[in-house]
Amino acid sequence: MAASGDGAVSVDVRSGRDATIGIDELFTDGADAPALSVVAGRRATIQVGSILTGGDRSAGMIVDAASSISLTAGAITTSGKDAAGIVATSRGGDITMSLGSVSVAAVSTGVSATSYGGGVSVSVAGTTRDGGLVDGGIVATSGIALDLSALSSTIEVTGPDATQLITFPVTGAPEKAGIVMVTVDRAATVSSIDDTAIAIVAEKASTLTSNGAVTREGWWGNRVIGVQGGATTIVNNGTMTGVIRLTENGDTFTNNGTFTTAGFNAFDDNETFVGATPNRGTDTFVNTGTIRVQPDVDFTQYPVFTGVEVFRNSGLIDLRSGTAGDIAFFGRSIVEVGQGQAPILGRYIGSGNASIALDLQFEDNGAFVDTVRFGQLPGDVGANPLVVSGTTKVILNPLGNRAPKLLIGLPVIFVPSGSTGTFELAQPMSMGGLQYALLYDPRQTAWALYAAPDAAVLRQIKVPTNVQALSTRASDAVSAHLREQRDQRWSEMEPRSGMWLQVVGDSTTRNESYSATVNRIAMTGVDLSQRQSIIGVQAGIGTAGPDAGETGMIFGATAGYLQSTARFRATRDKLKIDAVGLGGYASLLAGPVFLTASASYARHSIDDALDEVGTNGMVRADSYGVRAEGGIRFGNDTFFVEPSASITYTVTSVDRVNLSFGQIAFDDLISNRGTAGARAGGRLPLGERELVFYAGGEAIHEFAGDDQARLASGELEVTLPSYRPGNYGRATLGINVTSETRMTAFAEGHGVFGKGYSGGGGRVGIRIAL
């Protein structure tokens, strides 16, 4: 049915009793021309297929009944200004609506339903055509999409002379009086661009169950649902966008779907932002779904929830918007207490899959991170904190391509003092050589983010000890050469000055498990085990020294080249070191007694290019060392025993190692390595030569060896304790071929053993007399 022109009504029904209307299609195109107008003295029962109006102030349907209204509508569309989709008023009865789709244009209410003395029940189901869903719901541009009121049956009427009270006879079901119930089906949408999507005023109580979408289009920081009156119960099983303002009574909001918000959500007073008035009842917020800010934006967002007495979270609070710095606030109503009394706090309870997801943005000198505040609420929020209990997982989402940074207590989750709840990272977080942990910081009353080096960076603390090992090998080479000269002297060969050359090689395995607390993060059982292989040459020139039984000195100079390759067991990383060294030595021989001293310097080049932590490649180091050794030889012409002891003092300085997130600076590694042991051997004639053979053993102990490394990132710095080596032993077998000719030779093999320490190697050498 159609009507054209201003003021033309397509169907106009006036009945003093019940009114029953069933119509397929209605259309008007003029101003002030509703498609359907119904006035009923009792009940009104209406079923409409579709309605279309085109003029200003031309509602789709206007219904006024003295009793209950039952309305079923398929699709209603208005395109004029101030043209509501449905306006229904019951004076004493219940209103029941089953709606498909209602679409209204500028400054128009989608559906308005008011009952005086009864209840309002609305179901938004959507519209289907040809058996398939085409569209559905209630969509408004600049007005409230769904405006529902269940009021008292007594109203004030103001006349020319006075205001009087009028009471309508109640004809609806008593149990529905003053109650509003709304259901949004799964495929339906209730939305408004510039106003509230659903506004409810209910004298006693209200319920809203949305399985579809309830949205505030355009800006998700504006009101999407507003409820006044009796306590409301809202269940979101679909999607909801905007902020909610609930009543001053004990409301319950359960989010099982997705709730997108960025403004003030007030559980305690529809008309205020801060909830400063006392709340009657317990407001409960239950989240099993996702509470989130709008994703993919380039500005910070601040969702606020006030008036929440109990917040039960087993779902996700998601602040991952693509911009770090969002802040979510959760607090309860401020309640007046007596002087000296503690404020009344709310409760946050994390359980099940409770989690919080946050953006993390690294900067040159630190990082920005989204935060959640259950405590330390600013004054403009106007709420008391929520005491935290239970366990909540925290998911961090790094943004951009900036290198990770060392963090020392970056606050993430603020909680009030006395909270027993815990927050922990949902999964281990390690990147660019740093591992992160979420720890409680009582100074900030917050769970804060800390960083410590991961295993890849910790392996860097082995650099100084590996460098030092090369200096020790050079010192051992000089000691071995002086042993060879003592054996030459013992075999009664004529001492002669000369040049000498040694080729050395060994491989040592250290099984090391590192445990320390760095930046409040306990690191236990970090595998620093490695196999270090060393090869090289050591050469020198020295004086002859005294004959057997006489007293005299030996002096000499030495130079050498050594190369080390250390491979770590837990990774494919390797550390290569080249060393070039110079030194000098002196030895006093006084009968069976000997005293020796040597000094050395080495320059090291360290190939420390590890992709995992972004090290800078070539690092330089210097080593300075002195060694003192003494002993005595007992025996006869065919057998000897030679106890001896030594002390080696070495200082190793390693340049800073650049990492992707900062630097490692090493303290000078100071070593005081002591040895004590003995050799025993004999000699056999070999024509014009003699073979001196021996076996020995010694215990080795490091008296110092403690150093520290400092990990710096931006303006922050933490200390890394080093790994102090343990005691170990060394067994040696060797031969010297002595001769009156110009050339002598020797060969020696050794093995090392100790707790977590094993390996072996050897050296061969010649001496050419001058």
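Q: What should I know before reading the model?
A: The model is predicted, so local features need pLDDT of at least 70, side-chain atom pairs count only at pLDDT 80 or more, and totals for chains, interfaces and linings use all residues. Residues are numbered from 1 along each chain as its sequence is written, and side-chain values use heavy atoms, with hydrogens and water left out.

Q: How many cavities of 30 Å³ or more does a search of the whole structure find?
A: A cavity is a set of points, on a 1 Å grid over the protein atoms alone, where a 1.4 Å probe fits but cannot get out; a pocket is an open set with protein on both sides within 12 Å along at least five of seven lines. Lining residues have an atom within 4 Å of a point. Grid points are joined across faces, edges and corners, and a volume is the space filled by probe spheres set on the points. Here the search finds nine such cavities.

Q: Which residues that line the largest cavity are the closest to its centre?
A: Arg-483, Arg-679, Glu-698, Arg-730 and Thr-732, out of 26 lining residues. Now sort the lining by class. Ala, Val, Leu, Ile, Met, Phe, Trp, Tyr, Cys and Pro count as nonpolar, Asp, Glu, Lys and Arg as charged, and the others, Gly among them, as polar. This lining has six nonpolar, nine polar and 11 charged residues.

Q: What gives the most to the lining of the second largest cavity?
A: Helices (H or I, at least four residues) and strands (E, at least two) are DSSP runs, numbered from the N terminus. Helix H2 gives the most, with six residues. The second largest cavity holds about 230 Å³ of space. Its lining has 27 residues, and those closest to the centre are Ser-471, Ala-474, Ser-475, Ser-600 and Tyr-601. By class, the lining divides into 13 nonpolar, 13 polar and one charged.

Q: Is Gln-488 buried or exposed?
A: Buried means under 20% relative accessible area, exposed over 50%, and partly exposed in between (1.4 Å probe, protein chains only). Gln-488 is buried, because its relative accessible area is 9%. Gln-488 is found in helix H2. Contact means heavy atoms within 4.5 Å. Leaving aside neighbours within four places in sequence, Gln-488 is in contact with Met-493, Glu-494, Thr-738, Ser-739 and Thr-744.

Q: Where is the place of Asn-249?
A: In the loop between strand S26 (243-245) and strand S27 (252-255). Asn-249 is buried, with a relative accessible area of 17%. Its side chain reaches the backbone oxygen of Gly-229 at 2.8 Å.

Q: In what order do the four strands form an open sheet?
A: Two strands pair if DSSP finds at least two bridges between them. The order is S56-S57-S60-S61, and the pairing is antiparallel. The edge strands, S56 (657-658) and S61 (716-721), each pair on one side only. Two bridges join S56 to S57 (residues 663-666). Val-657 stands opposite Ile-664 in S57.

Definitions and conventions. Polar contact = N/O pair within 3.5 Å; in protein donor to acceptor, adjacent residues only side chain to side chain.
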